[in-house]
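My notes follow in the order I made them.

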Amino acid sequence: MRIRSLHIGSFGKIREKDFQLDPGLTVFYGPNESGKSTTMEFIRSTLSPSRKSSYPQRSTTDSGTIVYEEGGSEKRIMMQGKTGNTGDVPKCMADMDPTTYRNIFAMTREGLDEMAPLTGGDIRTRFLTIPGGESVPDVIKSIDDDKDRLIGKTASSPSEINALGNRETALQSRIHEMRSHAETYSELSTRKDELDRRLSEIRESNKTAESNNALYVRVESQRAAFNELNELRKKKLELSSKHMAGKDVQDTYRNLSSEKSQADAAYRAVNEGRRMQVSSLPGGDETKLLGFRPRIQSILDRQSRYQSEIAKPQSRSVEKSNGKVRIGVAAILLVIAAAAWIVTGLDMMVKIGVSAVMAAGAVAAFLLIKDKQVYENNRDENWIQSFESEIHSLMNDIGVAPGNPQSDLRRLVEINSTLTNLDTARNNSAELRMAYMGADNRLMGFLSKYGGLEGYQQAVRDYETFTGYGAKIEALEGSIRKSGFDPDQPLPVVERIDIDTTEQDEISNEIGRLTSDMRNVLDTKELDSLIDQTYSLNAQRNKVLTDGAKAILESAIIQKACSDIYETVHPDVISTADRYLLMMTMGTCHFDLDPRNTDLTVISKGEPKNPKQWSTGLRAQILLSIKLAVAKEMGNGEVPVILDDVLLPFDNDRKNGACQALSMLSNEMQVLLFTCDDDVEDVCKDLPNVSIITM
């Protein structure tokens, strides 16, 4: 499988981004926050979704496509929504657990440091040991433990045989002493009394020295506290001369700052209100409309008369003078009808038609010509027309398309009201601006005492440091007083006295022996018991020697077998990892391939080192080498390896070696390296089989 291209429609902060990938090593290079980790997580979440929380988290708007080649065919897998993925899941990843995928094939810097997946479970059994060899260390350890327990590593190391020998020697010595003891009880008692007196004298002479040494220990335990106390007092004294800002001063600053902020907010709010009101005016031109305000007010002053005039009723009168007109028209039409019969040469049908039409017209004249109506108006129409014309003209002048007089009057009322509100807001704005300037001047006057804001902030820090010194000084003084010293007085000068307790210890041991001898002179049961114990110890010693000889032979046989096998047979993954590690460390480090070691041990400059002895950089190199080798073996070179800033712990030489190893690995499988490291980018651009994508 080789990824050919990525299209991220929406994932995290990335929108509509496309990448074309080569089959070898592709380096995604860019600074932090450039989208590298988001792009890597898109690939991981699309190829192998995981329920574990990751950054960025999936959302319902997520979308994107990965185009890859597998088995000679081009295939696609798509991310859809918060949990959905559709398309062709790569066959090489169909049965892969998401945790294994992220630990081995798609690692972040934190994932690289995770060692547990390698040291336990299926990965160690399958890839890091020879089949059946995983149990060899336990067998060897069991045999060695038995050998060490029975015989011991050296003649003086703890073991059962040495313990039995020591017990037998002590018994024989004690038996010899008891048998050869020639002193009488009284001689023993006299000798013991002399030693008791001498021990009392020594202890009495040591009391003064012991008291002196106890004081010396107390003085030395408080010396660091005294030094720190004196240093803090000096710093506090130096700081006390500075102009500090105490709690009351800080309260004053907060009040003045709040006063300025509130005044500024009020001033801005009024101006914003005025701006919105001005924007509601025709053309947004307050100055222009103020020039028309006398005309607007004049019209509004006559609005009530206009409403009164148009509300007056109209009356109507009718004249009868139109009767003569009806008779005249009818007579003319009848004369025309008669003339049609007198004129010669007309067809009979024409005469009849003309006569019928004229007769019908005469009748219609009587019916349709009505009496003349005259309207008598009670309103002052001339005044109304003049007023409405004046409204129309004003609306045109102020830039508003005229409508009917009523709607125009309502619009003029709104404009006039807005202008009135703007007058009020203008006055409020001036007052609030004066209030803001006053608050700003008071704050600046306050800060001027400290040389500005930075000076005030330094004064606050000085005060906090000063009070911190006070708390530390008080704690140290209390601790010193509890130790019995005065923090205001210097520590006493005390020299430690060396006390030789050799004689005291020897006398104490001799007194104990004499006491035991005196008791044994009176009782022979102990001697009989000691002789019986020697027989039992001799039998135990013979048994331990036999078992120890067997363990030595078993150890020699298995060690020889392991040496013969593991000098010629190595797991493929370890051999590959060893090759990568040699390249990354410039040949100074390789794996200890003997599986008798239960840890992942390496040989660094000739010295074996277990995981507790690895440096941070060496640990990263070792784990990267093993995980790359496991990824190659587990995925058969088909699953691309994705790495996110895993080379940051490396120094320049290690980065160079790691990049060469990745370049070599990319000949067998696709590698995607995400990095913000300029050095890594410089190394990779000069390597073969490498393409660089700048984020």
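I started at T26, which stands opposite S691 in β15. Strand β3 (residues 25-29) pairs with β15 in the parallel sense, over 5 bridges. I took two strands as paired if DSSP finds at least two bridges between them. Helices (H or I, at least four residues) and strands (E, at least two) are DSSP runs, numbered from the N terminus. I noted that this is a predicted model, in which local features need pLDDT of at least 70 and side-chain atom pairs count only at pLDDT 80 or more, while totals for chains, interfaces and linings use all residues. Residues are numbered from 1 along each chain as its sequence is written, and side-chain values use heavy atoms, with hydrogens and water left out.

**The sheet**

I then followed the strands across. The open sheet has 5 strands in the order β7-β13-β14-β3-β15, with parallel pairing. At the edges I found β7 (106-108) and β15 (690-694), each of which pairs on one side only. From one strand to the next the twist averages 15 degrees. As a reminder to myself, strands of a sheet pair through backbone hydrogen bonds, either parallel or antiparallel.

I went through the remaining pairs. β3 and β14 are parallel, joined over 5 bridges, and F28 has F674 in β14 as its bridge partner. β13 and β14 are also parallel, over 4 bridges; here D644 has F674 as its partner in β14. β7 runs parallel to β13, with 3 bridges between them, and T108 has D644 in β13 as its bridge partner.

Is β14 enclosed or open? I found 5 of the 5 residues of β14 buried, so the strand is largely enclosed by the rest of the structure. Buried means under 20% relative accessible area, exposed over 50%, and partly exposed in between (1.4 Å probe, protein chains only). V671, L673 and T675 point one way from β14, L672 and F674 the other way, and all are buried. In β13, V641 and L643 point one way and I642 and D644 the other, again all buried.

I counted a contact when heavy atoms are within 4.5 Å. Helix α2 (residues 98-105) lies across β7 and β13 (641-644), at about 65 degrees to β7. Axes are lines fitted to C-alpha atoms, for helices over the stretch in contact, and angles run from 0 to 180 degrees between N-to-C directions.

I also looked up α9 (residues 247-280) and α16 (residues 405-448), which pack at about 160 degrees with axes 8 Å apart. The two are therefore roughly antiparallel to each other, a label for angles over 145 degrees.

**Q621**

Q621 sits in helix α21 (residues 616-634). Its relative accessibility is 1%, so I put it down as buried. Leaving out residues up to four places away in sequence, Q621 touches L581, M584, T585, F650 and R654.

**Cysteines**

How many disulfides does the structure hold? I found 0, with a disulfide taken as a pair of cysteine sulfur atoms within 2.5 Å. C684 is in no disulfide, and the nearest cysteine sulfur, that of C659, is 3.6 Å away. C684 is buried, with a relative accessible area of 1%. C589 counts as buried at 1% relative accessibility.

Key:
Angles under 35 degrees count as roughly parallel, over 145 as roughly antiparallel, 65 to 115 as roughly perpendicular and the rest as oblique.
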